[in-house]
Amino acid sequence: MYVKKIKLSTFRNIESVEMKLEPGMNFLLGENAQGKTNILEAIYLFARGKSFRLAKDSELVMFGKRGFTAEIVYQKKDREETLFYGLDGKEKTKKKNGVRVDRITDMLGHFRAVLFYPDHLQLVKGAPFERRRFLDIAISQCYPVYINLYSRYLKYLSERNTLLKMAQKGTEAESFSAQIAVYSEGLASLAAEIRLYREEYVQKLAAFGKEMLFSLSNGRENLSLNYESDTVYTKGMDKESLEREYKRAFSESIKREIAAGSTLFGVHRDDISFFVNGKDARDFASQGQQRSLVLVLKLAEGKISEALFGETPVYLFDDVLSELDEERKSFLLSGIKDAQFIFTGCDREAVKGSSLHFIEVKEGKATEIK
Ligand code: ATP
Ligand code: MG
């Protein structure tokens, strides 16, 4: 699929922009602080339902204004679709093909994009939270029900933690046991469901990632990927068996959990490990290997989406071309064909190719460069 048109008004530093994009490679070119990332942020809003910069919707409003509107028109294999997102004061309006939808999840799962921006280069060596987030965002785009599942999980978790803290402080820890047990049941069921989505996704990432890293490194690097958790999962396990494992973990560790005042097991503590030639990349990967690995993970994310839905997602690459050397760039451009790319950067020479569509971004305005 590809974005045909974007319309923004009073979105961050963009007063008003209406911009056309080409199906192939697009390059948003401009000096620092002109609005390039803001435009990608607006596009990704439709894939993710919120800002990738962890900003609240109200922060997307141009300073001093009441609200913003954002609209994208994109082409799928067989049809054109439009998504609209607006904020006016506290009121949000979401529309799909001109028709209002109530929930954010009704707007998601239609437009799909893979975002790669400089922070992602920390993915390999960063905190486990970053890797879980990568996984959760990728899964949410493929399966919008996952978003709801995960937010219910977090709610249960926080309520269970509150009870554990009360039990920790109180002299009558026993009196909380029954209540905690109720939350353990709910949490175990949600954890099992989330875990199955994640295990399945990691298997897919591993398959695509292995193939790509092998090719990028000319056969020198062999990648394996594992989902890491204290709770055992064996391939093919069904939801009920997994749920039993989580319940067992919760009930066996309840005393320790009360002492700690927090939930010690569950999908909020898991991680992904990457092994390159048998060595844990979190500890041993060089800068270059980390770059290759992240690039491969991002491309694998796109390939998974393509395999599931039969169309290429839109690749949004914010300022990362300058971080990639010629070899990695050419791997990227030759490995993903027929997809739309929207790059941003300050250097016009960062990517070479005859069919590049340049757009200059300056002081919140976008102008096509012929
Ligand atoms: P760089 O090359 O440095 O990454 P950029 O072109 O990607 O620059 P953006 O991140 O898009 O720049 O930001 C452009 C400007 O928008 C920044 O100067 C920022 O302060 C400004 N900005 C951010 N939020 C708002 C807002 N709510 N209202 C007005 N301006 C904002
Ligand atoms: Mg930027």
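To which strand is strand S3 (residues 25-29) joined, by how many bridges, and how do the two run?

Reply: S3 is joined to strand S14 (residues 356-362) by 5 bridges, and the two strands run parallel. The model is predicted: local features need pLDDT of at least 70, side-chain atom pairs count only at pLDDT 80 or more, and totals for chains, interfaces and linings use all residues. Residues are numbered from 1 along each chain as its sequence is written, chains are lettered from A and ligands numbered from 1 in the order written, and side-chain values use heavy atoms, leaving out hydrogens and water.

S3 and S14 belong to an open sheet of 6 strands, ordered S8-S12-S13-S3-S14-S15, with mixed pairing. Strands here are DSSP runs of E, at least two residues, and helices are runs of H or I, at least four, numbered from the N terminus; strands pair if DSSP finds at least two bridges between them. S8 and strand S15 (365-369) are the edges, each pairing on one side only. From one strand to the next, the twist averages 20°.

Two helices lie across parts of this sheet. Helix H1 (residues 36-48) lies across S3, S8, strand S12 (314-318), strand S13 (341-345) and S14, at about 145° to S12. Helix H9 (287-309) lies across S8 and S12, running at about 170° to S8. Contact means heavy atoms within 4.5 Å; angles, from 0 to 180 degrees, are between N-to-C directions of axes fitted to C-alpha atoms, for helices over the stretch in contact.
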